[in-house]
Structures are given as C-alpha cells and as structure tokens.
Amino acid sequence: MTKLGRGVRSRAFLAAFPHTIPILAGFGFLGLAYGVYMNVSGFSFWYPMLTSLVVFGGSLEFVIVTMLLSPFAPLATLLLALMIQARHIFYGIAMLEKYKNLGWKRFYLYFSLCDETFSLNYTLELPPGIDRGWFYFFISFLNHMYWFISSTIGGLLGSLMKFNTRGLEFVMTALFIVIFLEQWSKEEKHYTALIGILASIGCLALFGPETFLLPTMGVILLLLMLFRKPIEKAGGLTATADESRVDLS
Amino acid sequence: MTLTEEIITIAICALATMSTRFFPFLIFSEKRATPKYISYLGKALPAAIFAMLIVYTLRNVDIFGGSYGIAELLAIIVTCLLYFWKRQMLLPIAGGTITYMLLIQQVF
C-alpha cells in the first residue's frame with residue numbers, strides 16, 4: 001500500500017477507537033470472566049483463546065463450556081448453536097446497505113458482526129473524510145481483539161484473578177440503552193421500538209430467560225410484517241439508512 | 001470427549017455462528033437489487049433489536065426477590081438522564097455503570 005493508503009488506515013483507526021472504549025470495558029471484563037470460567041472448568045487457555053477467535057459470540061461461548069463437559073452430540077450442538085445465534089440474521093439484514101461495495105473487508109465484517117459491533121456500526125455516523133470500509137473494519141477488529149485478548153488472559157490467570165468488579169457487566173446494558181436512545185431520537189414515530197420493547201418483555205415473562213430470544217424474534221418479525229403498511233405510511237421509520245448512504249458515498 | 005470431538009464441537013459452533021452472520025449477505029447479493037420487504041425490515045428491525053438486546057442483558061434480573069431490580073432501574077434512569085443531558089455516548093455509559101456498581105456493592 002502507498003503512503004496515502006496508510007494515512008487512510010490510521011485516520012480510520014483513530015476515528016474508530018474512541019467509539020470502542022465502552023466495549024473495551026465490557027469485553028475486557030466479560031472476556032476475563034469467560035477465560036477464568038473455562039480455566040476453573042478444567043480447560044487450558046487454548047480453549048477460550050480458540051473459541052473467542054473463531055466463534056466470537058459471548059453467550060454461545062459460555063454454553064460451549066457445558067457442551068465440552070457433556071457427551072459428544074454434534075447434531076444437538078449444531079441446533080443449540082443456531083438457536084442461540086439466530087438473532088445475527090437480523091443484523092445482516094439491517095447492514096445490507098451499509099456493508100455494500102467494501103471489497104475483501106466485507107468478509108471480515110460479516111464474520112465479526114456481533115451484538116456490540118452491529119450496534120456501533122449501524123448507529124455511528126461516519127466522520128467526514130474517513131474511509132467507510134476501514135472505519136467499520138477497525139470498529140469490528142478492535143472489538144474482536146478486546147474479546148480475544150481478555151478471554152485468553154482470563155484463561156491464563158484462572159482462579160488467580162480476584163474480581164473487585166461486581167456490577168461492571170452493566171456496561172453492556174448501558175451501551176445498548178444509549179444506542180437505543182440514539183435510534184429513538186432519530187425517529188419521528190416509535191412503532192418499531194415499542195414493538196421491540198413489548199415483544200421482548202412479553203416473551204421474557206412467558207418463556208423465561210433461557211428461551212425467550214427466538215419467540216421474541218418471531219413476534220417482532222410477525223408484527224413488523226403485519227403492520228408494514230401503517231408503519232411505512234406514518235413515516236415511523238428512521239431515514240438513517242438512506243441519509244447515511246448519501247453521506248458515505 | 002476426545003480432543004478430536006472437542007475440536008469438532010467448537011468447529012460446529014463456529015460454523016453455526018458464521019452461517020447466521022453470512023446468511024443475509026449471501027442470499028441478497030450486492031449485484032441484485034434487494035427486495036422491497038427486506039429493505040423495509042432492514043430499517044424497521046434495528047430499533048426493535050436494540051430494545052430486545054437491552055432486555056436480553058437484563059434477562060436474569062429478579063424483580064420478585066433480591067433487590068427487586070431497583071438497582072437496575074436506578075442505573076437505567078441515570079443512563080437515560082445523562083444521555084438526554086449531554087447527547088453523547090461515553091458519559092451516560094460510564095455514569096450508568098458506575099451508579100450500578102456503587103448500588104450493588106455498597107447499598108444492596
């Protein structure tokens with residue numbers, strides 16, 4: 001790459017990094033906890049290191065510990081993994097426009113599209129003069145590395161770690177609240193946000209914390225399709241996707 | 001489990017995750033125009049998903065026992081107030097998290 005190319009990259013890196021600080025705190029903590037959990041469950045640091053690199057999905061990685069301690073069951077493993085990860089399909093649908101025409105980088109962007117990376121890359125407005133592909137790339141890459149490094153360290157330190165950080169996990173809730181409010185203030189009508197709130201709380205009450213995600217996704221999808229006409233007519237959708245397409249091009 | 005079985009188990013989880021993340025991009029390729037209802041969903045889903053993720057991170061909060069979810073509620077209120085006051089991301093996230101940590105370490 002030319003000098004110009006390096007300048008593009010470092011500017012994108014510097015623009016991306018500050019936005020990932022909350023993830024650094026959250027993944028730093030949760031990744032450590034995950035590594036320690038694997039260690040005290042009897043696995044060497046290679047295991048959290050490998051899973052956080054190739055799976056990169058917190059909730060499933062915690063479940064993997066249980067899977068590895070149980071008898072080998074490939075089909076059940078596949079089905080459970082698909083159920084836990086199904087929500088990522090929604091992220092891809094929402095990112096179709098934003099991840100268009102990004103060359104080879106798009107494959108890494110698809111691969112690393114976790115909850116937090118999706119939330120940031122969907123919501124953040126690209127700073128002027130910053131390359132879109134590299135900006136999304138560094139947000140994704142930094143988040144991936146925070147998780148990878150902290151879970152490896154957790155796996156190495158194991159039970160030596162003393163946690164004085166009770167409650168730090170709220171940083172993820174706070175991140176999603178702020179992202180939700182950003183989205184909320186961009187919308188004129190809030191039908192889809194309200195559908196999301198009611199569907200998730202309703203399904204949580206009905207199905208319980210372990211299994212409510214899939215029914216919630218089903219209900220959200222159903223209601224969004226049922227009320228498509230009124231939602232589109234009332235202008236209840238954010239224009240973000242269209243605006244940013246103009247901004248970014 | 002043997003080492004091979006462990007590696008297969010982890011590989012299955014990685015493949016399952018990747019398939020959910022790649023699926024929309026493979027089905028609706030860049031070359032063809034995205035169907036109207038998918039573009040609609042792409043715009044309509046995020047607000048609903050962010051709500052779902054908030055509830056997901058709070059799914060194990062016990063509102064009928066323990067501290068009855070009061071610490072969570074107060075921390076959420078602080079996060080929202082800070083957001084509407086400053087309209088930026090870091091301050092409300094830091095403020096809400098510190099509030100929550102203080103509450104469950106010192107008060108509840």
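These questions and answers cover a predicted model, from its aromatic pairs to its pockets and chain B.

Colleague: How many aromatic pairs does the structure hold over all chains?
Modeller: Rings of Phe, Tyr and Trp pair if their centres lie within 6.5 Å. Over all chains, the number of such pairs is 33.

Colleague: Trp134(A) and Phe137(A) form an aromatic pair; which kind is this pair?
Modeller: The ring centres of Trp134(A) and Phe137(A) are 5.3 Å apart. Their planes stand at 80 degrees. Planes over 60 degrees apart have their own class, so the pair Trp134(A) and Phe137(A) is edge-to-face.

Colleague: Why are Trp134(A) and Phe137(A) separated by about one helical turn?
Modeller: Both Trp134(A) and Phe137(A) are buried. Both sit in helix H9 of chain A, residues 132–157. They are separated by about one helical turn because their spacing in H9 is three residues.

Colleague: Is Trp184(A) buried, partly exposed or exposed?
Modeller: Phe180(A), its ring partner, has a relative accessible area of 10% and is buried. Trp184(A) has a relative accessible area of 26%. Buried means under 20% and exposed over 50%, so Trp184(A) is partly exposed.

Colleague: Which lysine has its charged end over the ring of Trp134(A)?
Modeller: Ring pairs link Trp134(A) into a cluster with Phe13(A), Phe17(A), Trp104(A), Tyr108(A), Phe111(A), Phe137(A), Phe138(A) and Phe141(A). A charged end sits over the Trp134(A) ring, 4.4 Å from its centre. That charge belongs to Lys105(A).

Colleague: In chain B, how far is the charged end of Lys86(B) from the ring centre of Trp85(B)?
Modeller: The charged end of Lys86(B) sits over the Trp85(B) ring. Its distance from the ring centre is 4.5 Å.

Colleague: Which helix of chain B gives two or more residues to the lining of the largest pocket?
Modeller: The largest pocket has about 1100 Å³ of space and a lining of 42 residues. Gly58(A), Ser59(A), Tyr56(B), Arg59(B) and Asn60(B) lie nearest its centre. From chain A, the elements giving two or more residues include H2 (21–40), H4 (58–69) and H10. From chain B, the element is helix H2 (36–57).

Colleague: How many charged residues are in the lining of the largest pocket?
Modeller: By class, 24 lining residues are nonpolar. Ten are polar. The charged residues number eight.

Colleague: Which helix supplies the largest share of the lining of the second largest pocket?
Modeller: This pocket has about 670 Å³ of space. Of its 24 lining residues, Ile201(A), Leu204(A), Val55(B), Leu58(B) and Ile76(B) are closest to the centre. H10 and H11 (191–207) of chain A, with H2 and H3 (70–86) of chain B, each supply at least two. The largest share, five residues, comes from H3(B).

Colleague: By class, how many nonpolar residues has the lining of the second largest pocket?
Modeller: One residue in this lining is polar. Three are charged. The nonpolar count is 20.

Colleague: What radius of gyration has chain B?
Modeller: Chain B has four helices and zero strands. Its C-alpha trace spans about 50 × 50 × 25 Å along the principal axes. A compact globule of 108 residues would have a radius of gyration near 13 Å. Chain B has 21 Å.

Colleague: Is Phe56(A) buried or exposed?
Modeller: Phe56(A) lies in the loop between H3 (46–54) and H4 of chain A. Its phi is positive, near 50 degrees. Most residues other than glycine have a negative phi. The relative accessibility of Phe56(A) is 2%, so this residue counts as buried.

Colleague: Where is Tyr68(B) found?
Modeller: Tyr68(B) also calls for a look at its backbone. Phi of Tyr68(B) is near 55 degrees, a positive value in a residue other than glycine. Tyr68(B) is found in the loop between H2 and H3 of chain B.

Colleague: How far apart in space are Leu15(B) and Tyr56(B)?
Modeller: Leu15(B) lies in helix H1 of chain B, residues 3–27. At 56% relative accessibility, Leu15(B) counts as exposed. Leu15(B) and Tyr56(B) are 41 residues apart in sequence. In space, C-alpha to C-alpha, they are apart by 23 Å.

Terms used. Residues are numbered from 1 along each chain as its sequence is written. Chains are lettered from A and ligands numbered from 1 in the order in which they are written. This is a predicted model: local features need pLDDT of at least 70, side-chain atom pairs count only at pLDDT 80 or more; totals for chains, interfaces and linings use all residues. Side-chain values use heavy atoms; hydrogens and water are left out. Rings of Phe, Tyr and Trp (its six-membered ring) pair if their centres lie within 6.5 Å; planes under 30 degrees apart count as stacked, over 60 as edge-to-face and the rest as tilted. Buried means under 20% relative accessible area, exposed over 50%, partly exposed in between (1.4 Å probe, protein chains only). A charge sits over a ring if NZ of Lys or CZ of Arg is within 6 Å of the ring centre and within 35 degrees of the ring normal. On a 1 Å grid over the protein atoms alone, a cavity is a set of points where a 1.4 Å probe fits but cannot get out, and a pocket is an open set with protein on both sides within 12 Å along at least five of seven lines; lining residues have an atom within 4 Å of a point. Grid points are joined across faces, edges and corners, and a volume is the space filled by probe spheres set on the points. Ala, Val, Leu, Ile, Met, Phe, Trp, Tyr, Cys and Pro count as nonpolar, Asp, Glu, Lys and Arg as charged, and the others, Gly among them, as polar. The radius of gyration is taken over C-alpha atoms; the globule rule is 2.2 Å times the number of residues to the power 0.38.
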